Amino acid sequence: MISVAQALAHIFDLVAPLPGEEVALAEAAGRVLATPVIARRDQPPFPASAMDGYAVTGADARPGALLRVIGTSAAGRRFDGSLGPGQAVRIFTGAPVPPGAERVVIQENVTRDGDTITLGDPLDASTHIRRRGADFAVGERLVAPRRLSPADLALAAAMNVPGLTVHRRPEVAIIATGDELVMPGESPGPDQIIASNGFALKAMVEAEGATARLLPIARDTEASLKTVFALAEGADLVLTIGGASVGDHDLVGQVAAELGLEQMFYKVAMRPGKPLMAGRMGGAAMIGLPGNPVSALVCAQVFVLPALRAMQGLPAVPAPRVTGILASDLPANGPREHYMRARLSGGRLAPFEYQDSALLTVLSQARALVIRPPDDGPRKTGDKVEYLPL
Ligand SMILES: Nc1nc2c(c(=O)[nH]1)N[C@H]1C(S)=C(S)[C@@H](COP(=O)(O)OP(=O)(O)OC[C@H]3O[C@@H](n4cnc5c(N)ncnc54)[C@H](O)[C@@H]3O)O[C@H]1N2
Ligand code: MOO
């Protein structure tokens, strides 16, 4: 059995950043930028007023000054002239500041009578003028790779860049396996249960920027598994669920090998998730997840999501860990890295008493996976531990 870190390193070896594609700004949310966005202009493109008020010269910006209003500068329509001593220009937020003006006095600090204004006392210390290029200058970059946030899209738009190059979305095929499974809404036989894991996996990989194909359930026969594997053709990543262990009906590894799987590893020193396998299958990476619902979903957190990030050009790094405080004592851990389902409130982690890897109710209430290193000693309430947020 290999360690979690070794298994993840193998999985990163199986994947590479997918090529870039052009998308319109309006379609780019959440995508990973592949090439930098380069500003095509300065922002603001001129010295701009930050307030509604009056533009005045530096010398005139003193309490009690009496000034004549000689024009108006509005956003989108500038005052076509310059400003001299004793003069003021009515100005609005976002409007170009006329040459000669060094301050904007907010209108709350001004008394106006016809075309004459008197400045109040005291005046603001700020000039209320945004210098040209204060936000960004032509040539400045939004660097790649990065997952595009709403603010990034606004920034690219302001840079006058209407389309972006982003990494192609990974295509993920998800194959549930097992004679005992039927789809939700169907009528299960007396020995059957409802296939549930695929729905969580689909949601997880889509939230990470991939597209997912939930393929028909493969039965525990070579023929059925081969048929469904064939449907995964074209995917960048094939995820199987179940059939990974040592039982007589656990055929996934064997059938995948017959179909050309170059297996990188089988079995990881983790709990849950021990019977994990991964390899290369034709043009795709293949990750064989254990069937127990919690095992499948924990393995997805620890391996599949980091792999999808790497495929989208983000750094190939483990799932980010956070430090929290234990809200209860824990016994010593065994030889496998344990990912314990836990409640999380105010940074305090309360692992559930029942950690059976079949319990979806517990997983659905959990907000964290507390990570116990292999052979970690007993832990006390108040100890610091690392966890993966869920
Ligand atoms: N003798 C041993 N038995 C088992 C070992 C072992 O080392 N020696 N490992 C155990 C561990 S750990 C796990 S995890 C499971 C994983 O086994 P498989 O990957 O072969 O999974 P299955 O046997 O197919 O299923 C396990 C369990 O999960 C249910 N399942 C499967 N697929 C789904 C699905 N899509 N949705 C919902 N539930 C699913 C399945 O019905 C079983 O109850 O093996 C242990 N055994
Ligand atoms: O690894 Mo199994 O996933 O312990 O239930």
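**Reading a strand, a ligand shell and a domain**

Modeller: For "domain: MoaB/Mog", an unreviewed entry, UniProt lists residues 173-310; such positions follow the numbering used here, feature names are shortened, and annotations may be inferred rather than shown by experiment. This is a predicted model, in which local features need pLDDT of at least 70, side-chain atom pairs count only at pLDDT 80 or more, and totals for chains, interfaces and linings use all residues. Residues are numbered from 1 along each chain as its sequence is written, while chains are lettered from A and ligands numbered from 1 in the order in which they are written.

Biologist: Is strand β27 buried or exposed?

Modeller: A residue is buried if 20 or more other C-beta atoms, placed from the backbone, lie within 10 Å of its own. Strands are DSSP runs of E, at least two residues, numbered from the N terminus. In β27 (residues 368-372), five of the five residues are buried, so the strand is largely enclosed by the rest of the structure. Ala368, Val370 and Arg372 are buried on one side, and Leu369 and Ile371 on the other.

Biologist: Which strands pair with β27?

Modeller: Two strands pair if DSSP finds at least two bridges between them. Strand β25 (residues 337-345) runs antiparallel to β27, joined by five bridges; Ala342 has Ala368 as its bridge partner. Strand β28 (residues 384-389) is also antiparallel to β27, over four bridges, with Tyr387 as the partner of Val370.

Biologist: Which residues surround ligand 2?

Modeller: A residue is near a molecule if its C-beta atom, placed from the backbone, lies within 6 Å of it. Those around ligand 2 include Arg271, Lys274, Asn292 and Ser357.

Conventions: Buried ≥ 20, exposed ≤ 12 C-beta atoms within 10 Å, placed from the backbone.
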